[in-house]
Amino acid sequence: MTDVPDDQIDDSAAPLIEHLAELRNRVLYSLAAFVVAMILAYTVWNPIFNFLTRPICHALEMRGQACNLVLIKLQEGFFVAIRISFIGGFALAFPVISYQLWRFVAPGLYKSEKSAFLPFLIASPVMFIAGAAFAYYVVLPIAFSFFLGFQQGSVVDGGNELAAIGFQGSVEEYLALTTKFVMAFGICFQLPVLLTLMGKAGLVSSKGLASVRKYAVVLILIVAALVTPPDMMSQIILFVAIYPLYEVSIWLIRRIEKTREARMRAEGTWVEEEDA
């Protein structure tokens, strides 16, 4: 076994140590931003919760019912405040976290790679916000109206009085259901960003994605069944929202491929598939 000179070991170890130190600093900055943002979110958790209850309150008002959510467990209100603080803190700190990620990754990228990667870094939160807004303003009112349709008043059937079924929601369960909808749609709206980035890197092609449409339909239906509550209405809405994004991804990748082909033809480096 050949001995490696000490000076070569030091030269090879130094960059790794510098990268680890840089990573540590970026993680510490991100954690500090998250803690500060979480504290700020905790101070306004009640208005945030009131904002999140608007869809259910509107659906109840349409039925002439009061918007009353109850605390089932003694500690439920505290855990609701913590959950809102955690989610709100991450949302507020995300610009700082993404900036720290960019500062860590950017020095290792070429100029062309930076110009290609930066738009996707910006598009990702934009698409997440679009998905979350779609869930809040479109999906939740429809879903809550559907769920509340299973209520019934006290009725007499054949001389027997049937029990009334009314909504009396738990604060924690309602928040969990609402955030699940919002997060699911926000994450699923990342599909064009992910596929377009893969297309930019040459990992997928527009022809390849177009040829597996039927499999994509099945996969989207499976994802819709996993990330939404177990009702057909929510799953259909998610599918109707996500599948067009798949088609948009194919269109975006096709444009990238045409731009790449035009550039390579101008440079004289384009090779036809038949020739290849």
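Guide: E22 and R26 both lie in helix α1 (residues 6-43), and because they are four residues apart, about one helical turn separates them. Helices (H or I, at least four residues) and strands (E, at least two) are taken here as DSSP runs, numbered from the N terminus. The model is a predicted one, in which local features require pLDDT of at least 70 and side-chain atom pairs count only at pLDDT 80 or more, while totals for chains, interfaces and linings use all residues. Residues are numbered from 1 along each chain as its sequence is written, and side-chain values rest on heavy atoms, with hydrogens and water left out.

E22 and R26 are joined by a salt bridge, their closest N and O atoms lying 2.7 Å apart. The term denotes a side-chain nitrogen of Lys or Arg within 4 Å of a carboxyl oxygen of Asp or Glu. As to accessibility, a residue is called buried under 20% relative accessible area, exposed over 50%, and partly exposed in between (1.4 Å probe, protein chains only). E22, at 27%, is therefore partly exposed, whereas R26, at 12%, is buried.

The count of salt bridges by this rule is three. Another is formed by the side chains of K73 and E172, at 3.4 Å from N to O. This pair connects distant parts of the chain, 99 residues apart: K73 belongs to the loop between β1 and α4 (76-105), and E172 to helix α6 (residues 171-188). K73 has a relative accessibility of 43% and so counts as partly exposed; E172, with 19%, is buried.

E247 and R213 also meet through their side chains in a salt bridge, with an N to O distance of 2.7 Å. Here too distant parts of the chain are linked, since E247 is in helix α10 (residues 232-267) and R213 in helix α9 (residues 213-227), 34 residues apart. Both partners have intermediate accessibility: E247 is partly exposed at 25%, and R213 is partly exposed at 30%.

The covalent link comes next. One disulfide is found when the whole structure is searched, the criterion being a pair of cysteine sulfur atoms within 2.5 Å. C57 and C67 form it, with their sulfur atoms 1.9 Å apart. The angle about the S-S bond is -60 degrees, and the link of C57 and C67 is left-handed. It connects distant parts of the chain, ten residues apart, from C57 in helix α3 (residues 54-61) to C67 in the loop between α3 and β1 (69-70). C57 is buried at 15% relative accessible area, whereas C67 is partly exposed at 28%.

Aromatic contacts complete the account. A pair of aromatic rings is described by the distance of the centres and the angle of the planes. Rings of Phe, Tyr and Trp (its six-membered ring) pair if their centres lie within 6.5 Å, with planes under 30 degrees apart counted as stacked, over 60 as edge-to-face and the rest as tilted. Eleven aromatic pairs are present in the structure. Among them is F134 with F185, a tilted pair because its planes stand at 45 degrees, with the ring centres 5.8 Å apart. The two residues lie in distant parts of the chain, F134 in helix α5 (residues 111-148) and F185 in helix α6, 51 residues apart. F134 is partly exposed at 26%, while F185 is buried at 0%. Elsewhere, ring pairs join F51, Y136 and Y137 into a cluster.
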